[in-house]
Amino acid sequence: MVAHGGIQFTYTAHQALLPESGHGIAVMANTGLGVSDAYALLSGLVALAEGSEPSAPMSAVLLAVDLVLVTLMGLAGYLAFRGVRRAGAWVEAARRRPWWRTVVRLLPGLVVILAAGFPNRLLGLLSGNRRLTWEQTFYVVPTGATLLVVAALAVTVVYAVRAVRSVRPSPGGPRAGARPGRPAAPRAATPGPAVGTRPSGRRSPDGPAVRGGRA
């Protein structure tokens with residue numbers, strides 16, 4: 001058998017020539033999954049042309065992979081919910097640690113966001129510098145591309161909530177106007193009358209002097 005196939009991200013084509021029987025088989029599919037669809041159909045048709053039983057399809061394996069990826073989507077949603085709830089505690093901890101450690105903690109999420117924004121560039125590099133659009137990545141790895149987008153959205157929501165919390169003053173922070181790192185200066189106490197002394201007399205503008213004390 002002489003066979004050849006190719007993938008152009010949005011469609012897949014495979015063909016085979018059978019010299020012994022003189023048959024030629026060609027299969028085209030409007031997906032870019034490669035080993036599934038077109039190639040699976042070609043293998044089954046070749047087996048039927050040669051008088052044998054087609055092999056079991058790979059649908060069970062692909063279904064298992066899809067289920068794992070869908071589970072990871074649910075995990076990304078749960079981690080996003082947990083990150084939003086703990087955003088305040090994260091900001092308080094970030095204020096106590098060095099800034100470069102906070103930047104290092106943010107890098108993995110930024111990588112996920114960047115990968116979700118340009119998955120076509122990554123696939124293009126892995127496929128010999130071929131060009132494809134962002135939408136075409138869903139033809140090649142639909143569940144994987146969806147997982148990448150869901151993870152990027154989850155990271156974006158968590159980072160946005162943390163940013164909003166970081167600009168708010170801390171509930172136990174210093175008083176406004178006080179220098180950071182130094183306690184606020186105490187206010188001067190207002191002197192009051194000495195204990196056991198009678199208040200001095202005061203003169204009314206229109207009458208005689210009025211002396212305080214008991215009537």
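1. A13 has M28 as its bridge partner in strand 3. Helices (H or I, at least four residues) and strands (E, at least two) are DSSP runs, numbered from the N terminus.

2. The model is predicted: local features need pLDDT of at least 70, side-chain atom pairs count only at pLDDT 80 or more, and totals for chains, interfaces and linings use all residues. Residues are numbered from 1 along each chain as its sequence is written, and side-chain values use heavy atoms, with hydrogens and water left out.

3. Strand 2 (residues 12–18) and strand 3 (residues 23–29) are antiparallel, with seven bridges. Two strands pair if DSSP finds at least two bridges between them. The two form a hairpin with four residues between them. In that turn, G22 has a positive phi of about 75°.

4. Strand 1 (residues 2–7) also runs antiparallel to strand 2, joined by six bridges. Here I7 is partnered by T12.

5. Side chains in a regular strand alternate between the two faces of the sheet. In strand 2, T12, H14, A16 and L18 lie on the covered face. A13, Q15 and L17 make up the uncovered one.

6. Helix 1 (residues 38–49) has twelve residues. From first C-alpha to last it reaches 16 Å, close to the 16 Å expected at 1.5 Å a residue. That expected span is 1.5 Å times one less than the number of residues. Just after the helix, G51 takes a positive phi of about 80°.

7. A38, L42, G44, V46 and A47 of helix 1 are buried (under 20% relative accessible area; exposed is over 50%, partly exposed in between; 1.4 Å probe, protein chains only). Strand 2 and strand 3 are among the elements covering them, where contact means heavy atoms within 4.5 Å.
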